[in-house]
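Dear colleague,

Please find the structure below for your own work. My notes on it follow, arranged by topic.

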Amino acid sequence: MIKLNNVSFAYEKNKMILRNIHLAIEAGTCTVLVGPNGGGKTTIGKLMAGILKPSVGDVMVNELDTRTAELAEIGKKIGYLFQDPQRQLFAPTVREEIAFVMELQGVPSDQIDIRVERYLDKFQLKALENSFPFQLSRGEKQRLAIAAIMVNNPVFYILDEPTTGLDYERKKVLSAVIERLREEGIGMVIISHDQAFVKRHAQRVITVSGGELLDDTSN
Amino acid sequence: MILATDLDPRAKLFFVLVISSLAVFLQNTFLLLLVFIVCLGAVAATGGSLGNMLKKFRKFFGIFIAVVLLQSIFTQQGQAILQLGDITLLTDFGLIRGMQTILRFLIIIASALVMTTSNSREIIQGLVQWKIPFEIAFMVSIAIRFLPLLREEATDMLTAIQLRGVNLKKIPLLKRIKMYSYLLLPLISSVMVKAQELSVAMEMRAFRAYPQRTSLRVLQLGRADYLVMVLCTLFFLTVMVLYLMLI
């Protein structure tokens with residue numbers, strides 16, 4: 001599904017953040033990236049989603065080369081959750097946030113309503129449907145961002161710190177959603193420091209530190 | 001060679017003030033061109049990268065073309081160069097006005113680039129030593145500091161929209177306008193939230209608790225700074241005399 005071939009990356013010239021990364025992520029598996037802050041986990045996630053282009057090597061998403069593919073093309077396959085969910089919320093209400101991409105894609109309004117209702121219920125956002133997303137708590141923003149991604153039905157997810165700001169009950173809801181996605185054969189890469197969450201979901205754990213892959217273990 | 005990083009921020013501010021005042025005041029294309037060339041020379045002489053500057057100018061290319069066309073369409077004086085039926089699209093006078101506007105843009109952007117070689121703390125200190133109230137100097141520095149952050153946020157939001165499968169180039173104009181209106185809302189909201197959080201953080205750290213402020217670092221004008229300011233004054237006077245002679 002996603003392949004990183006000899007990838008190196010630098011934000012500034014000659015200051016490599018990642019060096020010679022070879023990595024293949026299979027569709028339908030749950031891979032977790034762990035490691036210390038600043039080790040390069042988020043950078044790997046952004047390279048996989050095509051947000052960043054590799055300085056050396058190439059990143060392939062199915063047959064798409066992220067260097068040349070349009071972000072929208074990759075976005076139809078991959079759902080990406082930013083570390084800061086506020087960066088991916090735009091609409092004036094919670095309901096519109098979930099609906100607006102479907103509106104742009106010309107999905108009939110009755111179908112939009114059904115899907116929006118489903119995700120409002122799933123992520124316990126129904127009571128907030130007319131709220132301004134920017135005034136939600138961190139955990140509510142996180143749930144909304146995840147719902148807004150999932151409503152597009154991508155075939156692969158990259159979730160950067162999905163449990164940040166979620167309480168015990170909401171983590172359980174997210175866990176259940178991830179389990180269901182796995183049962184449906186949908187793959188994902190999760191970047192997380194939450195040990196319990198990693199233990200529960202990871203089929204493969206990759207440790208990233210100092211811009212290198214230190215360990216790669218399959219459960 | 002005098003490096004821009006070695007100059008006192010007040011010398012740089014003086015340079016920006018002189019050059020941008022000339023850009024706004026002059027109505028003569030050749031003199032504006034002269035100011036632009038001198039400005040480029042000054043940036044290069046103080047260690048600035050002309051390559052980087054050209055890259056920045058390239059981003060404004062579309063705006064420049066639009067400015068020339070708008071000036072030509074709405075300024076109906078002079079000889080018509082391009083006509084569509086009875087409608088004059090381009091006149092020589094409009095073309096000159098458009099070029100002058102572009103030169104003004106370029107001069108102001110190029111001169112302001114000199115300021116980017118100072119950090120915001122130095123700029124505040126320079127303004128304070130010019131007897132500008134600290135609160136105002138601080139506001140200026142916050143504005144300078146937050147602009148790149150805003151740009152980064154806007155870029156991230158555009159990326160996030162595209163990652164939801166929206167191809168910005170392919171959606172119809174009306175929907176695209178609606179989508180951009182979506183971007184404005186979080187940006188404005190984010191600015192308000194940041195301003196609020198910053199003001200609370202400043203109050204918590206006793207901002208303005210004492211009427212008298214002291215500074216660990218006090219700026220001293222050196223020979224090079226005086227030389228820059230004298231040269232700027234001479235240049236300003238020369239250009240103004242030339243301009244008044246040409247009117």
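**Charged pairs within chain A**

At a relative accessibility of 24%, Arg182(A) falls in the partly exposed class. Before going further, please bear in mind that this is a predicted model. The partner of Arg182(A) is Glu179(A), and the two side chains meet in a salt bridge with an N to O distance of 3.9 Å. Both residues belong to helix 6 (residues 168–183) of chain A, and because they are three residues apart there, about one helical turn separates them. In general, an α-helix has 3.6 residues a turn, so residues three or four places apart point the same way. Glu179(A) is also classed as partly exposed, at 23% relative accessibility.

Salt bridges with shared partners link Arg95(A), Asp113(A), Glu117(A), Lys126(A) and Glu129(A) into one network. Within it, Asp113(A) and Arg95(A) form a salt bridge whose closest N and O atoms are 3.7 Å apart. Because Asp113(A) sits in helix 4 (residues 109–122) of chain A and Arg95(A) in helix 3 (residues 94–104) of chain A, this pair ties together parts that lie 18 residues apart in sequence. Asp113(A) is partly exposed, with a relative accessibility of 40%.

**Helix 3 and its surroundings**

Helix 3 of chain A, to which Arg95(A) belongs, is mostly covered, since eight of its eleven residues are buried. Among the buried residues are Val94(A), Ile98(A), Phe100(A), Met102(A) and Leu104(A), and Glu97(A) is one of them as well. The elements that cover these buried residues include helix 4 and helix 5 (138–150) of chain A, and also helix 7 and helix 8 of chain B. Just after helix 3 of chain A, Gly106(A) adopts a positive phi of about 80°.

**Strands of chain A**

Four strands of chain A make up an open sheet in the order 2-1-4-5, with antiparallel pairing. Strand 2 (15–25) and strand 5 of chain A stand at its edges with a single partner strand each, so one side of each has no neighbour in the sheet. Inside that order, strand 1 (residues 2–12) and strand 4 (residues 56–61) of chain A run antiparallel and are joined by five bridges, and Leu4(A) has Val59(A), in strand 4 of chain A, as its bridge partner.

A parallel pairing is found between strand 6 and strand 7 (residues 156–160) of chain A, which are connected over four bridges. Tyr80(A) has Ile158(A), in strand 7 of chain A, as its bridge partner. Strand 6 (residues 78–81) of chain A is covered on both faces, with Ile78(A) and Tyr80(A) buried on one side and Gly79(A) and Leu81(A) buried on the other.

**The interface between chain B and chain A**

In the contact between the two chains, 24 residues of chain B meet 29 residues of chain A. About 2,500 Å² is buried between chain B and chain A, with carbon and sulfur atoms giving 63% of this area. On the chain B side, Leu163(B), Arg164(B) and Tyr182(B) supply 35% of the area that chain B buries against chain A, which is more than any other three residues.

Turning to polar pairs, the rule finds three residue pairs in polar contact across the interface of chain B and chain A. Helix 7 (134–162) and helix 8 (173–204) of chain B are the elements that each give two or more residues to the side of chain B touching chain A, and helix 8 of chain B gives the largest share, nine residues. Sorted by class, that side of chain B holds eleven nonpolar, six polar and seven charged residues.

Four salt bridges are counted between chain B and chain A. In one of these, Lys169(B) pairs with Glu70(A), the closest N and O atoms being 3.6 Å apart. Over all chains, the count comes to 20 salt bridges. Lys169(B) lies in the loop between helix 7 and helix 8 of chain B, whereas Glu70(A) lies in the loop between strand 5 (64–65) and helix 2 (71–77) of chain A, so this pair joins two chains. Lys169(B) is classed as exposed, at 65% relative accessibility, while Glu70(A), with a relative accessible area of 27%, is partly exposed.

With best regards

How values were computed: Residues numbered from 1 in each chain as written. Chains lettered and ligands numbered in written order. Predicted model: local features only at pLDDT ≥ 70, side-chain atom pairs only at ≥ 80, totals over all residues. Heavy atoms only, no water. Contact = heavy atoms within 4.5 Å. Buried area = accessible area lost by both parts, 1.4 Å probe. Polar contact = N/O pair within 3.5 Å; in protein donor to acceptor, adjacent residues only side chain to side chain. Nonpolar A, V, L, I, M, F, W, Y, C, P; charged D, E, K, R; others polar. Buried < 20%, exposed > 50% of the residue type's maximum accessible area, 1.4 Å probe, protein only. Pairing = 2+ DSSP bridges.
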